[in-house]
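User: Please take a close look at the charged side chains in this model, and at how they pair with one another.

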Amino acid sequence: MAILSFNNLAHSFGDFDLFSGLSGTIPWDGKIGLVGPNGVGKTTLIRQLTGQEKPSTGEIHFTNRATLGFLQQEAMRAFHGREQNSVYEEMLTIFADLRQQAEQLREMETLMADGREDDQLFEQYSHTLEAFEQAGGYDYEIRISQVLDGLGFTRDNWDTPLEHLSGGQKTRALLARLLLEKPDLLILDEPTNHLDVAAIEWLENTLKTWDGAVLIVSHDRYFLDKVVNTIWEMSATQIELFRGNYSAYVLQRAERWERREKEFFALKERLEKELDYIKRNMAGQRTQMAQGKLSRLTRDLKAIEVGGIALLNSGKNWSQMDVGSQRSLSVAEAESRIKNLPRPIYRPRLPHLNLDAAHRSGQLVLRTYDLEVGYPEASLFTAEDIVLNRLERAALIGPNGSGKTTFLKTILGELELLHGRVDLGASLNIAYFSQAHEALKRDNTLLEEIMQHQGFMVSEARDYLGQYLFQGDDVFKKISTLSGGERGRLALAVLALQNANFLLLDEPTNHLDVTSQELLQETLEAFDGTILMVSHDRYLIDQLATQIWSIQGNKLRVFAGNYQEYVAERDGQDSRRDQVKATSVPPPTAVSDANGQPRLSKNEQKKLADALQAAEEKITAVEAHIEQVSQELQAASEAQDFDKIQAKSIEYNTLQETLESLMTYWEELAHEHTLAQ
């Protein structure tokens, strides 16, 4: 039995159908990933399934007494009327019944402690206690802590009122609430947005063992690989089901495309053979048989016209297909229709992306020595000495604010090194793809932007933009009016014109739908050059990277291998570290206090105090820099200098992320320093 089913759903705007004819079933234990191109209506569909919108046509059936949880992007709506609650108070409201039971138990315990002997009271206490225990009365506070910690809320965030949270924090708070509520069906719209890698991995492990059903809309292919066991591929006219995770879906989809391609050519060949028989026998002794075959051929062609090859191969008879008896086509008409039989479009229309290196670089592409990256007032990280050779692909990963984009800009010479040296190899042609697409001029039209990068004629520029799915009047749009996905496609179009042999990519899959991510991945795999990319797209990293450069704890370390090998070593190190913590004796430098408890030596305490003071000074400097940038941003806004607004906004966000990272680092040091006193 299904927890939710829907049939023939449609959503229309006047005469325009966003989608129609969608049907599907979610079993009680289903873990389903919903994928499809941007704009196909995935979010609209789940809003219909959750009752947020009414379908134009169709039916939705949700099982009585089942519970539903929906993670929407407009998270604050879910907290309407409770905006003053702190994060922790909001989580406690989920367990109001348990807290009331706990109060009842305390009252009964007080009565019994006062010497009241009452069989009815004792029986009531026993029943209440049993219900309290079975409902998790002794562990709900632990569950709250686990979920908030897992989703990246620091203890300081717990006391923050919901109305003071950022947009991303509100979404995480709503996700935390849903996980604690444990609905029978959990519907998540882009749940990995606003989560760092550690929180995403925690969520993956949580959903893998989720007792109920899950429907997830996500562009995170690695996340889908880890969590779901079914993929729904949505188009404007159907939902097609694939068994398995995302990687299994990719293989099955390719097989279906190939099979349907063969079916098309086999059908066309059969129709051509029948027509050939008709042409040879229409005027001979087998005229009657030829005319019968022409009538059948007419009905087949009509069925294809009505419902395509799928309808013809569905096993239905002609009356069911509403193609009944009609005038037979002439031989010439049948021949023309077969010749012009429309080839079905199975594969989504994708941009044409081709990255060609103009020339070969030297063997050494990048080498660093004794590197320290950051700003004069705030060092972000130091690095092991790095060597990147031709055709290698390095992925730079780390928490937000750790300095990844800063490092790319340092390599480009836009920022100065704090210490050390960066050597670039010979014969390099470097191209930089920025996640903010700041190189695009907002006031340019698409046509103007492309023509400034290449000596195109207007017709050539239009043809080139057409390869990236910008058609007709699209080419006259201002860049400032484009969606994130459209800007991403345009930035890739510009990137392809540069004929680079060394690509610096900063979040290249941001705003791209899943099929466009796949295309970019295939293009980068075929690229005859060297790649250094910053990305949160673990699927892309795993498929592409030959080195992982990981920034953790203000230190960049190089791992030679792919992402899964890196994760295995990282998790193994974490496990061994935990074992060492659990079993080791205090280190030789530790001394003991009067109670025999280990504490740091005076020398180590001084080092810790110095580190704490240095962190405080960096925080003060970054806060001052943020205030300065804020004033510059305000001035740019008043002057309506949009290029400067964009540049200062990026700088402001980067500094805020840096400040958050420094604050986390300071909290860890402060905690250690307190324990050491």
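Analyst: What follows is an account of one arginine and its surroundings, and then of several salt bridges.

The model is predicted, so local features are given only where pLDDT is at least 70 and side-chain atom pairs count only at pLDDT 80 or more, whereas totals for chains, interfaces and linings use all residues. Residues are numbered from 1 along each chain as its sequence is written, and side-chain values use heavy atoms, with hydrogens and water left out.

Arg 256 sits in helix H10, residues 246-281 (helices, H or I, of at least four residues and strands, E, of at least two are DSSP runs, numbered from the N terminus). Its relative accessibility is 19%, and Arg 256 therefore counts as buried (buried means under 20% relative accessible area, exposed over 50%, and partly exposed in between, with a 1.4 Å probe and protein chains only). The side chain of Arg 256 makes a polar contact of 2.8 Å with the side chain of Glu 240, and a polar atom of the Arg 256 side chain lies 2.9 Å from the backbone oxygen of Leu 241. A polar contact is a pair of N or O atoms within 3.5 Å; within protein, one must be able to donate a hydrogen and the other to accept it, and residues adjacent in sequence count only if both atoms are side-chain atoms. When neighbours within four places in sequence are left aside, Arg 256 is in contact (heavy atoms within 4.5 Å) with Glu 240, Leu 241 and Phe 242.

Side chains of opposite charge can pair when their charged atoms come close. The structure holds 24 salt bridges, each a side-chain nitrogen of Lys or Arg within 4 Å of a carboxyl oxygen of Asp or Glu. One of them joins Arg 570 to Glu 201, with the closest N and O atoms 3.0 Å apart; this pair links distant parts of the chain, 369 residues apart, with Arg 570 in helix H19 (residues 563-583) and Glu 201 in helix H8 (residues 197-208). Both Arg 570 and Glu 201 are buried.

Arg 221 forms a salt bridge with Asp 537, at 3.4 Å between the closest N and O atoms. Because Arg 221 lies in helix H9 (residues 221-227) and Asp 537 in the loop between strand E17 (530-534) and helix H18 (538-544), the pair ties together parts 316 residues apart in sequence. Arg 221 and Asp 537 are both buried.

Within helix H10, Asp 276 and Arg 280 lie 4 residues apart, about one turn of the helix, and their side chains meet in a salt bridge of 3.1 Å, N to O. Asp 276 is partly exposed at 39% relative accessible area, whereas Arg 280, at 55% relative accessibility, counts as exposed.
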